[in-house]
Amino acid sequence: MFEQLTQLAQQFGNEAVVKNDAIPNDQNEAVINEASSSIISGLQQIASDGGIDQLAGLFQGNTNLDSSNPVVQKLSEQLTGTLSDKFNLSNDTASGVAGGMIPQILGSLVGKAKDTNDSSFQISDLINAISGEGAQNSSIMDAISKYGGQLGLDQNADGKVDLSDAMSAVTKNSGGLGGLFSKLFGK
């Protein structure tokens, strides 16, 4: 997942970072890498803060991926602050980088998540990355395990709800990942 995000950040960072005269060339790679890691940490923070409905809406593709989207806003604000502090970039430059990269990267992720023919991206990787390894970031997978059987998510009838069931639910239901989140969290 991190490698895929880094590739997307490099792809979309050319215009926002590499061709940006306000960013020293020797910092280009570090700024692009910061953008990709910022997305995962931002999504984790949104999930741990109870923003599951925002993430569900994002990955259903039912929301605009521009500055009016709450997820884009949060991720852009976080990246802007980090770039200003860590790389001593002006707020305008950092905001321009975030505004130029975050919507494009998220748009590509959403497109890949919805494309069942794109084997380069697995939604389970995203769920694992968002839920993280720590106890505070594991709310998504805990909820799937705890409530999934009661909500009819045991897709393969093996008596447990795991990523295999979640992936089956995502591909079988027209609601996609957003439908899964909605079913789990009643949103």
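Is Glu 15 buried or exposed? Glu 15 is exposed, because its relative accessible area is 55%, where exposed means over 50%, buried under 20% and partly exposed in between, with a 1.4 Å probe and protein chains only. The structure is a predicted model, in which local features need pLDDT of at least 70 and side-chain atom pairs count only at pLDDT 80 or more, while totals for chains, interfaces and linings use all residues. Residues are numbered from 1 along each chain as its sequence is written, and side-chain values use heavy atoms, with hydrogens and water left out.

**Overall architecture**

- The protein chain has nine helices and zero strands, these being DSSP runs numbered from the N terminus (H or I of at least four residues for helices, E of at least two for strands).
- Of the 187 residues in the protein chain, 45% are buried, and the chain exposes about 9100 Å², of which carbon and sulfur atoms supply 44%; the areas come from the Shrake-Rupley method with a 1.4 Å probe, and for residues only the protein chains shown count as cover.
- Among contacts between residues at least 6 apart in sequence, 62% join residues at least 24 apart, a contact being heavy atoms within 4.5 Å.

**Helix α1 and its kink**

- Helix α1 covers residues 2-18 and spans only 21 Å between its end C-alpha atoms, whereas a straight helix of 17 residues would span 24 Å at 1.5 Å a residue; the expected span is taken as 1.5 Å times one less than the number of residues.
- A kink of about 55° is centred on Phe 12 in α1, where the bend at a residue is the angle between axes fitted to the seven residues ending there and the seven starting there.
- The buried residues of α1 are Gln 4, Leu 5, Leu 8, Ala 9, Phe 12, Gly 13, Ala 16 and Val 17.
- An α-helix has 3.6 residues a turn, so residues three or four places apart point the same way.

**Nonpolar core**

- The largest nonpolar core holds 37 residues, among which Ile 105 and Leu 106 touch the most other members; such a core is a set of buried Ala, Val, Leu, Ile, Met, Phe, Trp, Tyr and Cys residues joined through side-chain atoms within 4.5 Å.
- At least two residues of this core come from each of α1, α2, α3 (52-60), α4, α5 and α6 (123-131), and α5 gives the most, with nine residues.
- In soluble globular proteins, nonpolar side chains tend to be buried together.

**Salt bridges**

- The whole structure contains two salt bridges, each defined as a side-chain nitrogen of Lys or Arg within 4 Å of a carboxyl oxygen of Asp or Glu.
- In one of them, the side chains of Lys 19 and Glu 15 meet at 3.6 Å, N to O, and Lys 19 is exposed, because its relative accessible area is 52%.
- Lys 86 forms a salt bridge with Glu 34, the closest N and O atoms being 2.8 Å apart, and this pair links distant parts of the chain, with Lys 86 in helix α4 and Glu 34 in helix α2, 52 residues apart.
- Lys 86 counts as exposed because its relative accessibility is 56%, whereas Glu 34 counts as buried because its value is 14%.

- Gln 27 is placed in the loop between α1 and α2 and counts as partly exposed because its relative accessibility is 22%; leaving out residues up to four places away in sequence, Gln 27 touches Phe 87 and Leu 89.
- Asn 28 lies in helix α2 (residues 28-48) and counts as buried because its relative accessibility is 9%; its contacts, not counting residues up to four places away in sequence, are Val 17, Val 18 and Ile 23.
- Ser 84 sits in helix α4 and counts as buried because its relative accessibility is 16%; apart from neighbours within four places in sequence, Ser 84 is in contact with Leu 89, Ser 90, Asn 91 and Ala 94.
- Asn 88 lies in the loop between α4 (70-87) and α5 (91-114) and has a positive phi of about 55° although it is not a glycine; Asn 88 counts as exposed because its relative accessibility is 69%.
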